[in-house]
Amino acid sequence: MHISEDTLKSLLDSSGLIKESEFDVASDDAKRSGRAVTDVLIGTGKISEDHLVEVLEEYYKVPIVNLKKQQIDIDVLELVPELYAKAKKAILFECDKEKGVARLAMMDPFDYETIEYVRAKLGMWVEPRLMSTASLRYGLRQYKKRIGVEFGEIISHNIRESLAIAGESDVAKTAGSVPIISILDTIVEHATSLNASDVHFEPLEKELLVRFRIDGIMQEIVSLPKAIAPILVARVEILANLQIDEHRVPQDGRFRFEMEDGSNVDIRVNVMPVFHGEKVEMRILKNSARPLTLTDLGLSSDAAETLAEEIKKPHGMILVTGPTGHGKTTTLYAILHILNTPSVNITTIEDPVEYEFPRVNQTQVNVKAGVTFANGLRALLRQNPDIIMIGEIRDNETVDIAIHAALTGHLVLSSLHTNDAPSALPRLTDMGAAPFLLSSTVNLIVAQRLVRKICTSCIGSYPIPADMKRLIKDQMKALGDSHIKKIPETVYKGKGCNVCGQSGFSGQIGIFEVFRVSDAIRSSVMKESPISEIRKQAIKEGMKTMFEDGLQKVELGVTTVEEVLRVVRE
């Protein structure tokens with residue numbers, strides 16, 4: 001970026017958005033971690049990207065463009081090659097041949113070398129526009145739309161070649177053939193272009209079904225001939241360093257996939273024997289993404305403030321609860337990101353390590369090598385940690401060690417499977433935790449679910465229907481005590497557009513229940529009071545339930561009533 005750090009510091013200080021001292025701390029952190037100072041400022045929540053772009057607009061004297069609100073012709077976009085656009089962080093979004101003017105969205109509008117390259121290539125005058133990182137990501141995703149158009153053609157072509165070699169006896173050799181490699185690469189590229197979190201290969205009686213999980217919802221993508229199923233599974237197993245001749249037991253692995261644009265994604269693999277063959281689940285882990293702030297996750301200002309206060313305590317336990325696939329690990333990593341300073345020693349035991357974290361000592365569970373949560377945790381306590389993260393509390397032994405770690409001066413972070421926050425305390429008691437020890441160690445419990453966000457490009461409002469009001473009232477009745485004063489009269493939904501693939505939704509956000517363990521709650525735990533009594537006391541002390549938090553997001557137009565009800569009823 002053609003702006004010095006001193007100039008940026010001066011601009012931000014004069015804007016009143018951050019203080020000089022805050023900038024200096026972010027600058028030191030950026031040098032240690034090898035990141036840009038702007039990424040550190042945004043990642044730590046000191047400044048929003050929208051505010052940063054507004055400050056830079058005044059400096060560059062170039063208008064801001066939001067590519068999400070632009071209709072970008074794929075043929076215009078591809079006049080600038082994808083690899084060049086990614087390297088230079090520049091997206092060509094308009095091209096007026098009659099006037100001889102092209103408009104180029106840029107992260108750095110003073111990059112005259114890129115402007116001159118595009119001008120010479122097109123033979124047109126180039127007008128730069130300033131864009132945010134979100135706009136850049138959206139623009140780069142548009143290149144992948146061509147994959148969506150050609151997906152069926154590529155798969156069909158390679159299936160014909162794959163079927164021709166499917167009869168070969170050497171499975172390893174067949175799995176390394178060009179058509180099979182091309183099919184898998186195309187599927188993974190297509191999944192990442194759609195922001196899918198998971199890819200499933202599901203063997204049926206006469207076909208292999210490929211499904212993606214997009215924004216938490218499973219979608220059927222393509223059906224492949226059954227004959228290539230074992231070869232495609234073998235290809236995945238080879239990449240993940242698994243045994244291709246083992247078909248009776250589940251296998252877990254991991255591999256790094258290089259995208260066409262040169263970037264990498266880590267893919268976690270599980271292969272499971274099922275009735276008609278082997279089912280493959282691939283979790284796409286975007287390890288290059290910056291850690292989310294508490295606000296990014298969807299925590300309200302009050303909830304984020306409560307959480308920020310509790311994680312400053314030098315010892316005790318903080319738990320994040322919810323079903324699989326609802327963002328517990330992401331929340332734990334967001335907390336670690338805040339706590340990750342040079343003055344503390346952070347160690348983790350995870351299954352698996354999903355994201356690589358700078359300056360954090362991460363250990364992965366390996367049952368074959370004898371590393372379980374329990375004995376791994378016992379070993380890392382000898383590593384002189386200040387903060388410990390346990391990926392998940394699963395058994396009595398892990399509970400016992402975690403509680404004693406929290407009692408002996410460590411801050412312990414972990415996750416648990418419960419329906420809501422108050423239920424975590426009786427659940428730990430059921431797992432063998434002594435109530436008097438539990439009441440002394442647990443500081444805070446966060447329960448969460450993920451809901452789909454309404455697409456901002458096609459959002460529309462409408463009066464709330466009577467049947468929806470009734471559903472909300474039924475849920476309020478089931479909750480009992482709550483802080484809901486009134487049901488919103490206006491709600492929102494996405495109409496469907498090209499940006500969201502006609503679904504009306506784009507991305508996900510959390511709804512939360514932040515439960516601070518007060519003295520009154522500790523007393524109830526000691527008495528082994530029923531969950532209903534603990535929940536009632538928590539609500540009395542100000543705890544907002546997940547449904548209440550979700551309803552607030554409905555009123556703000558972030559999500560829909562149907563989405564909130566879908567996840568809180570699970």
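**View 1. The buried residues of helix 17 and the elements around them.** In helix 17, the residues that count as buried (under 20% relative accessible area, with exposed meaning over 50% and partly exposed in between, for a 1.4 Å probe and protein chains only) are Thr-398, Val-399, Ile-401, Ala-402, Ile-403, Ala-405 and Ala-406. The model shown here and in the following views is predicted, so local features need pLDDT of at least 70 and side-chain atom pairs count only at pLDDT 80 or more, whereas totals for chains, interfaces and linings use all residues. Residues are numbered from 1 along each chain as its sequence is written, and side-chain values use heavy atoms, with hydrogens and water left out. Helix 17 covers residues 396-407, and its twelve residues reach 17 Å from the first C-alpha to the last, close to the 16 Å expected at 1.5 Å a residue (the expected span being 1.5 Å times one less than the number of residues). Helices (H or I, at least four residues) and strands (E, at least two) are DSSP runs numbered from the N terminus. The buried residues of helix 17 pack, through contacts (heavy atoms within 4.5 Å), against strand 10 (316-321), helix 16 (373-380), strand 13 (387-390), strand 14 (411-416), helix 18 (424-430) and helix 19 (435-441).

**View 2. Helix 23 and its covering elements.** Helix 23 (residues 546-555) is largely enclosed by the rest of the structure, because eight of its ten residues are buried. These buried residues are Met-546, Phe-547, Glu-548, Asp-549, Gly-550, Leu-551, Lys-553 and Val-554, and their cover includes strand 15, helix 20 (466-479), strand 17 (490-494), strand 18 and helix 24. Just after helix 23, Gly-557 takes a positive phi of about 80 degrees.

**View 3. The salt bridge between Glu-563 and Arg-452.** The side chains of Glu-563 and Arg-452 form a salt bridge with an N to O distance of 2.9 Å, the term being used for a side-chain nitrogen of Lys or Arg within 4 Å of a carboxyl oxygen of Asp or Glu. This pair links distant parts of the chain, with Glu-563 in helix 24 (residues 561-568) and Arg-452 in strand 15 (residues 442-454), 111 residues apart. Both Glu-563 and Arg-452 are buried.

**View 4. The salt bridge between Asp-266 and Arg-256.** Here the N to O distance is 2.6 Å, between the side chains of Asp-266 and Arg-256. Asp-266 belongs to strand 8 (residues 264-274) and Arg-256 to strand 7 (residues 251-258), so the pair ties together parts that are ten residues apart in sequence. With a relative accessible area of 7%, Asp-266 is buried.

**View 5. The salt bridge between Asp-24 and Lys-9.** The side chains of Asp-24 and Lys-9 meet at 2.9 Å, N to O, in a salt bridge. Because Asp-24 lies in helix 2 (residues 20-33) and Lys-9 in helix 1 (residues 5-15), the pair ties together parts that are 15 residues apart in sequence. Asp-24 counts as partly exposed, at 34% relative accessibility.

**View 6. Ser-529 in the loop between helix 21 and helix 22.** Ser-529 sits in the loop that runs between helix 21 (519-526) and helix 22 (531-540), and at 13% relative accessibility Ser-529 counts as buried. Leaving aside neighbours within four places in sequence, Ser-529 is in contact with Ser-524 and Ile-534.
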